[in-house]
Amino acid sequence: MSGGQIELVGPPDAGGAGGRGQFRIFLGMAAGVGKTFQMLREGHAQLEHGRDVVIGLLETHGRAETLQLAEGLPTLARRRVRYRDAVLEEMDLPAILTRAPEICLIDELAHTNAPGVEHTKRYEDVEDVLAAGIDVLSTLNVQHLESLNDRITELSGVRVRETVPDAVLGRADEVVLIDVTPTALIERLQAGKVYPAERVESALNNFFKIENLSALREVALRQVAEEVGAKRLVTEANGASEESIAADAARAVGERLLALVEPYPGNQRLVRRAWRSANRLGAPLDLLWVRHPGRTLTGEEERSLRALRELASVLGATILVEEADDVPAKIAEVAAQRGTTYILMGRGRTQRGLGRLRRPLHERLIDRLPGVDVRIVADRASRPAEDER
Amino acid sequence: MSVWNVVAIALAAALVGVALGFWLPPHGRLPARNRGRPVRRILLPFSGEAISRRAFEAASRLARAENAVIMPAFLARVPMSLPLDAPLPVQCENGMPLLEAIEQRATSLGLPVDSRVSRGRSYRDALRRLLEQEDFDRIIVSVPEASTGLRDDDLLWLIDRVPAEIMLLRPARSDTRRISAAGVSGHF
């Protein structure tokens, strides 16, 4: 197995005696990267160190390499569950709890159990195993993470039904990213190491495309990097309760952008710029238009507002329309409610009459929102574009 | 008329001048947004990573001649597995910079531009939804045109059903120039 392994968070093995077991997840971008393989190798290593290791559930998918590596590790038999006219095989949770090994290997964390067993989802079974003080090694593909499901469906065109709440990954003591290049994975697929020969062509034509895999790999790398960031902050904070530390950590790493918009065509550029910035920061984006009470929109403004709403929706931003006379006060109120860390605004209209005596909006916002960055997006550059291809 | 009257009139005139200067926007003109608005709307739909430079130039010429606004529209296709109003960040990674590039180019030519985004189950569906919401005077599509995602039958549908002038640009061997996201100048 040539897969690279990036071990990102690695507290020492504490064993499960007396408390909750240690939970390690092998995370990958797709099937075939070598998550199960690494999990088994880790099982062997622990066995050699004299620890009591068993395989609670293993999915070999007919891969000879995987089956071969499982040899020598004690495996608990699956239990048979009758569902309607079919007999299904599931992990035997009671048997694991009765056997009470030090370490249990449980493949495919996102699996949905057959009806009639203790839990609907395998990750819930794993919680019971951990609660019994047993260390668990498990595997997960990044597209099964709930928050990434829509994004990955759009990336790959394949909807994954079996999802795992992000909190499950967050609760893992260690997340080990199993990384291979998309080219290497496709070579493995072509060599028949991932799926049986009859499924290879279909896989290559659908999910296993270089562009899909590259995008998934990026998502996996980012996800693990974010996990590391959040965990580091939690580790660095001492003396506070676990819940408050987690909340502080989320706040500490969580940027939130607010773009101030008005319904006219030039504001679409501001929204696009704000979206790019939000993407780079991995932050959510809100758009806010503060309209004066009773103001009626012209036909053109209504069209612009509708276009802004559609743009916000396709970008995944939230658009808010509030009525107020005191615009800075309303913006400050919304920013406080939404937990905004960054405000983006256009240059604003040229003031006339007494309006010229007023301080510019950005200055008033800076006064009202200490700690919030305010960025003024320049008007569109009128220099000629240079590409001709 | 006494000297004092002349002085008083001069002072009054000066005060009126100062007041007007204070009240009116700079440079003695109305803000661009409030000036006479273009009445015609030229739609330039696209879905890919680049649009034909020839289609853009046709839109620019017409916009200039007719005092029209160019309306580039990014058509996004929503997979059946997602709700129709789902965010599409991956497609937007291509579409948004290209909108920016088109807007920059139009602005550099002094032309008004007003972008649109529309989603649908197919590119035709996205275009249909946009056309249901807004009226356009002209629609410019170059054929064959991978960048719009529209097939031949979509073009026939467009000609049959849409109450706008449809300009289909004939393919030309020399038509290899494109406007792409790589053409965004400056920070985006």
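In this predicted model, helix H13 (residues 327-338) of chain A packs against helix H14 (residues 361-368) of chain A. Their axes lie 10 Å apart, at an angle of about 45°. H13(A) is therefore oblique to H14(A). The crossing of H13(A) over H14(A) is right-handed. H13(A) contributes A:Val327, A:Pro328, A:Ile331 and A:Ala332 to the contact. H14(A) answers with A:Leu361, A:Arg364, A:Leu365 and A:Arg368. By class, the contact of H13(A) with H14(A) holds six nonpolar residues, two charged ones and no polar ones.

Chain A has another helix pair to look at. Helix H11 (residues 267-281) and helix H12 (residues 299-315) of chain A have axes that come within 11 Å and cross at roughly 15°. An angle under 35 degrees counts as roughly parallel, so H11(A) and H12(A) are roughly parallel to each other. H11(A) passes H12(A) in a right-handed crossing. On the H11(A) side, the contact uses A:Asn267, A:Gln268, A:Val271 and A:Trp275. On the H12(A) side stand A:Ala307, A:Leu308, A:Leu311, A:Ala312 and A:Leu315. Seven residues in the contact of H11(A) with H12(A) are nonpolar, two are polar and none is charged.

The table sets out the two pairs.

| Helix pair | Axis distance | Axis angle |
|---|---|---|
| H13(A) and H14(A) | 10 Å | about 45° |
| H11(A) and H12(A) | within 11 Å | roughly 15° |

Now to chain B. This chain contains five helices and seven strands. From the N terminus, its elements follow the order α-β-β-α-β-α-β-α-β-α-β-β. Of the 188 residues in chain B, 38% are buried. Among chain B contacts with a separation of 6 or more, 80% join residues 24 or more positions apart.

Five strands of chain B form an open sheet with parallel pairing, in the order S4-S3-S1-S5-S6. Which strands stand at the edges? They are S4 (116-120) and S6 (165-169) of chain B. Each has a single partner strand, so one side of each is left without a neighbour in the sheet. On average, neighbouring strands of this sheet are turned by 25° against each other, direction ignored.

Inside this order, strand S1 (residues 40-46) of chain B runs parallel to strand S3 (residues 68-77) of chain B. Seven bridges join S1(B) to S3(B). B:Arg40 stands opposite B:Ala68 in S3(B). Helix H4 (residues 123-133) of chain B packs on the sheet. H4(B) touches S1, S3 and S4 of chain B. The direction of H4(B) makes about 125° with that of S4(B).

Methods
Residues numbered from 1 in each chain as written. Chains lettered and ligands numbered in written order. Predicted model: local features only at pLDDT ≥ 70, side-chain atom pairs only at ≥ 80, totals over all residues. Axes fitted to C-alpha atoms, helices over the stretch in contact; angles between N-to-C directions. Helix = DSSP H or I, 4+ residues; strand = E, 2+ residues; numbered from the N terminus. Parallel < 35°, antiparallel > 145°, perpendicular 65-115°, else oblique. Left-handed = near helix turned anticlockwise from the far one by under 90°. Contact = placed C-beta atoms within 7 Å. Nonpolar A, V, L, I, M, F, W, Y, C, P; charged D, E, K, R; others polar. Buried ≥ 20, exposed ≤ 12 C-beta atoms within 10 Å, placed from the backbone. Pairing = 2+ DSSP bridges.
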